[in-house]
Amino acid sequence: MMISNKVYDVMKWFCLVFIPAFITFYGVIGTTCNIPYTEQVLILLSAFDTFFGSILGVSSMKYNEDKKND
């Protein structure tokens, strides 16, 4: 399935900018306010971001490879 460049750019921004910024924000607020399970939430969000970033990276490599072969 091919996605448009705009959708890819939004997904990339979400993965590279929004999620890491949110992780930092939640970590600071959670630690300061003693929110329960802060560490576990941060671990899960980081794992999701790593997974999502890896999928986008593989998709980008495949797209560039297919484009180069055309």
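Tyrosine 26 is buried: its relative accessible area comes out at 19%, and the cut-off for buried is under 20%. Keep in mind that this is a predicted model. The chain around Tyrosine 26 has 2 helices and 0 strands, so here's a quick tour, starting with that residue and its 19% relative accessible area.

**Around Tyrosine 26**
- Tyrosine 26 sits in helix H1.
- Setting aside residues up to four places away in sequence, Tyrosine 26 touches Thr31, Ile35, Thr38, Val41 and Leu42.
- Take leucine 42 as one of those partners: tyrosine 26 and leucine 42 are 16 residues apart in sequence, with 7.7 Å between their C-alpha atoms.

**How the helices pack**
- Helix H1 covers residues 5–32 and helix H2 covers residues 38–69; their axes come within 10 Å and cross at roughly 165 degrees.
- That angle makes H1 roughly antiparallel to H2, because anything over 145 degrees counts that way.
- The H1–H2 crossing is left-handed.
- Sorting the residues of the H1–H2 contact by type gives 15 nonpolar, 7 polar and 2 charged.

**The chain as a whole**
- The C-alpha trace spans about 55 × 20 × 15 Å along its principal axes.
- The radius of gyration is 16 Å, whereas a compact globule of 70 residues would have one near 11 Å.
- Buried residues make up 14% of the 70 residues, and tyrosine 26 is a buried residue.
- Among contacts with a separation of 6 or more, 52% involve residues 24 or more positions apart.

Note on methods: Residues are numbered from 1 along each chain as its sequence is written. This is a predicted model: local features need pLDDT of at least 70, side-chain atom pairs count only at pLDDT 80 or more; totals for chains, interfaces and linings use all residues. Side-chain values use heavy atoms; hydrogens and water are left out. Axes are lines fitted to C-alpha atoms, for helices over the stretch in contact, and angles run from 0 to 180 degrees between N-to-C directions. Helices (H or I, at least four residues) and strands (E, at least two) are DSSP runs, numbered from the N terminus. Angles under 35 degrees count as roughly parallel, over 145 as roughly antiparallel, 65 to 115 as roughly perpendicular and the rest as oblique. A crossing is left-handed if the near helix is turned anticlockwise from the far one by less than a right angle, and right-handed if clockwise. Ala, Val, Leu, Ile, Met, Phe, Trp, Tyr, Cys and Pro count as nonpolar, Asp, Glu, Lys and Arg as charged, and the others, Gly among them, as polar. Buried means under 20% relative accessible area, exposed over 50%, partly exposed in between (1.4 Å probe, protein chains only). Contact means heavy atoms within 4.5 Å. The radius of gyration is taken over C-alpha atoms; the globule rule is 2.2 Å times the number of residues to the power 0.38.
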